[in-house]
Protein chains: 2
Amino acid sequence: MEQEQYSERYALYKEIVENTLRSYLTQDTPAMLYEPIRYVMLSGGKRVRPVLTMLCCEAVGGTCNQAQYGAIAVELIHNFTLVHDDIMDAAPMRRNMPTVHTKWNDSAAILAGDCMIALAYSAALLSAPHNAREIIDALSTGIAEVCEGQALDLEFQKKDTVTLDDYLLMIDKKTAKMLELAANVGGYIGNGSAEHIKALRQYANSLGIAFQIQDDLLDASAEQEHFGKTVGGDIIEGKKTYLILRALQKVSTADDITLLGKFVHQQGLPSDEVPLMQELFERNGIFLEAQTDVEHLIGKAHAALDTLPASDARAMLHWFADMLMNRTH
Amino acid sequence: MEQEQYSERYALYKEIVENTLRSYLTQDTPAMLYEPIRYVMLSGGKRVRPVLTMLCCEAVGGTCNQAQYGAIAVELIHNFTLVHDDIMDAAPMRRNMPTVHTKWNDSAAILAGDCMIALAYSAALLSAPHNAREIIDALSTGIAEVCEGQALDLEFQKKDTVTLDDYLLMIDKKTAKMLELAANVGGYIGNGSAEHIKALRQYANSLGIAFQIQDDLLDASAEQEHFGKTVGGDIIEGKKTYLILRALQKVSTADDITLLGKFVHQQGLPSDEVPLMQELFERNGIFLEAQTDVEHLIGKAHAALDTLPASDARAMLHWFADMLMNRTH
């Protein structure tokens, strides 16, 4: 298929997700519970994870419609984590809309997230004529891992010393495991072999880690401006990103150590000092190394797909990886 | 069996619950996530719901050990609701210990509750050689109902007019449905017939509603003192209890209407006016009516058990109902 055909097909999958969510989430009382749920779930989004679930189901021989409820189960779980994380981070906005705890209150946001978990399990059962046990287990493991990832993230914000390995463990749990869950559920619903499902999980995991590292990279590099975010936002906020942790491992000159020390000690730098950190990254080859790591992970993701039989869905998973990394259109 | 033997047997079931929880909840990192979970789950309690699960499993022909993981699944879900409700109610203490959000913080309490849901589903699968689908569905419905109950409770706090039916719907979802879940899971694990499981659910539901009404009754009546709570706490806090809502339906004299109007308008009464409300309840036969309703519900609970074959477990369910209502020892 051509690029354009993939985009069209992606739009089709998204449409299935939207329709399934709309038909599944019809309850509206008590309003304090279901209004926030419908607000979060029925206001669009890229639907990356549910589309991945459907593609993975197809890649092992199933159909995308077979996976539609498994797909929204994954989307519900992803969104429950966003609603609860936004309370913890006191985030006022998400996707250009007020967050649930801002538009309603903390109690409504806690309850909505809790109920979304239950709705996810119920949805998953609708897609699971066989393999119900494996799918429920995958959801439970996925939720526990993402809670662990968020807990590690919160712990790191208070800790002075975080290693690169700590960080990789955190993003594995917080970001990659949710993509792995999406792939896993799709593979199970499609009744894939253990070997094929493992390959899909590896694909999703590598892609998730690559995505997170690239996110850190884009935030700190100048080309970020067209994404509508502040360049160097992570540096200003004092976030211990992949770049910072790699730099901490590597720098040796007194000036670099002083700058990083200041960053750690003051928990961030004033915005006019962002260029100093960018130069430090440049000077120490951090950008280049992070870029190489991303390439390596993307290569691993593509290679994992070799285990699967050739199919349109497999081809589209290759495209999907590049699309997610913003490398197409 | 004699009273004493039932108490001993209850202690035995509790011991199974404690041991199962201890062996199931061994993970301790990230500390921010698993310390609160272990703090909440391994610090005792009456274990009413998990014991009910084991008894119901036995009552349909299963064994109590068969139900041990289903039992802790129910206990995990019950406790997740307490952890999250305590954040919403800003409650500093529970069971004479600081609440999770007080001892840690809101983020830790949100995450711990979330993860407890996932741990509950995983535990339930360990008890479900067959019927996994029904049990998972019961857990999901139970969680959604308890979220709805809490949402209704929060909505009622802001509403001027709450009817007795509104209130009964709220306590059905918030209190009775969790006991129903406990009974349901036990019945499924024991592979009970649809008819027997339905009887167990009815037993649990009537018991749950009776328990909640009695709770309102005890709070407002003088004999409450030996429970270590303030007499009339609900009246002081302005809670729209079963007694208040019945009184609102019934009173007709100008004085009574004025007192209830003041209670609603000021959202509670000063503590020295608690006796005035108690006298109003007395004068209008509210205490008596509530007591009659409790008796009726308890009668229904006992009668529901008639459907089940006679057994030690069934006999103990009769004892359990009286024990829960504080009518034994």
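To compare copies of a chain, they are superposed by least squares on the C-alpha atoms of residues with pLDDT of at least 70 in both, where pLDDT is the predictor's confidence in each residue, from 0 to 100. Chain B can be laid on chain A in this way with an RMSD of 0.1 Å, by a turn of 180 degrees and a shift of 0.0 Å along the axis. The two copies are therefore related as by a two-fold rotation axis.

This is a predicted model, in which local features need pLDDT of at least 70 and side-chain atom pairs count only at pLDDT 80 or more, while totals for chains, interfaces and linings use all residues. Residues are numbered from 1 along each chain as its sequence is written, and chains are lettered from A and ligands numbered from 1 in the order in which they are written. The mean pLDDT of chain A is 94, with 97% of its residues at 70 or more, and the predictor gives the complex an ipTM of 0.96 and a pTM of 0.96.

Chain A holds 15 helices and two strands, these being DSSP runs numbered from the N terminus (H or I of at least four residues for helices, E of at least two for strands). Its radius of gyration, taken over C-alpha atoms, is 20 Å, close to the 20 Å that the globule rule (2.2 Å times the number of residues to the power 0.38) gives for 329 residues, so chain A is as compact as a globular protein of that length. Of these 329 residues, 51% count as buried, a residue being buried if 20 or more other C-beta atoms, placed from the backbone, lie within 10 Å of its own, exposed if 12 or fewer, and partly exposed in between.

Where do the two chains meet? In all, 31 residues of chain B are in contact with 31 residues of chain A, contact meaning that the C-beta atoms, placed from the backbone, lie within 7 Å. The elements of chain B that give two or more residues to this side are helix H2 (31-41), helix H4 (68-88), helix H6 (106-126) and helix H7 (132-158), and the largest share, 14 residues, comes from H7(B). The same surface serves both copies, for 100% of the contact residues of chain B recur in chain A.

Helix H2 (residues 31-41) of chain A has several buried residues, among them A:Met32, A:Leu33 and A:Tyr34. The buried residues of H2(A) pack against helix H1 (3-24), helix H4 (68-88), helix H5 (100-103) and helix H6 (106-126) of chain A, together with H7 of chain B. In the loop between H1 and H2 of chain A lies A:Pro30, which a cis peptide bond joins to A:Thr29, with omega about -5 degrees.

Two further loops carry residues with a positive phi. A:Ala90, in the loop between H4 and strand E1 (93-94) of chain A, has a positive phi of about 50 degrees although it is not a glycine, and with 10 C-beta neighbours inside 10 Å A:Ala90 counts as exposed. B:Asn96, found in the loop between strand E1 (93-94) and strand E2 (97-98) of chain B, has a positive phi of about 60 degrees and, with 7 C-beta neighbours inside 10 Å, counts as exposed.

Note on methods
Two residues are in contact if their C-beta atoms, placed from the backbone, lie within 7 Å.
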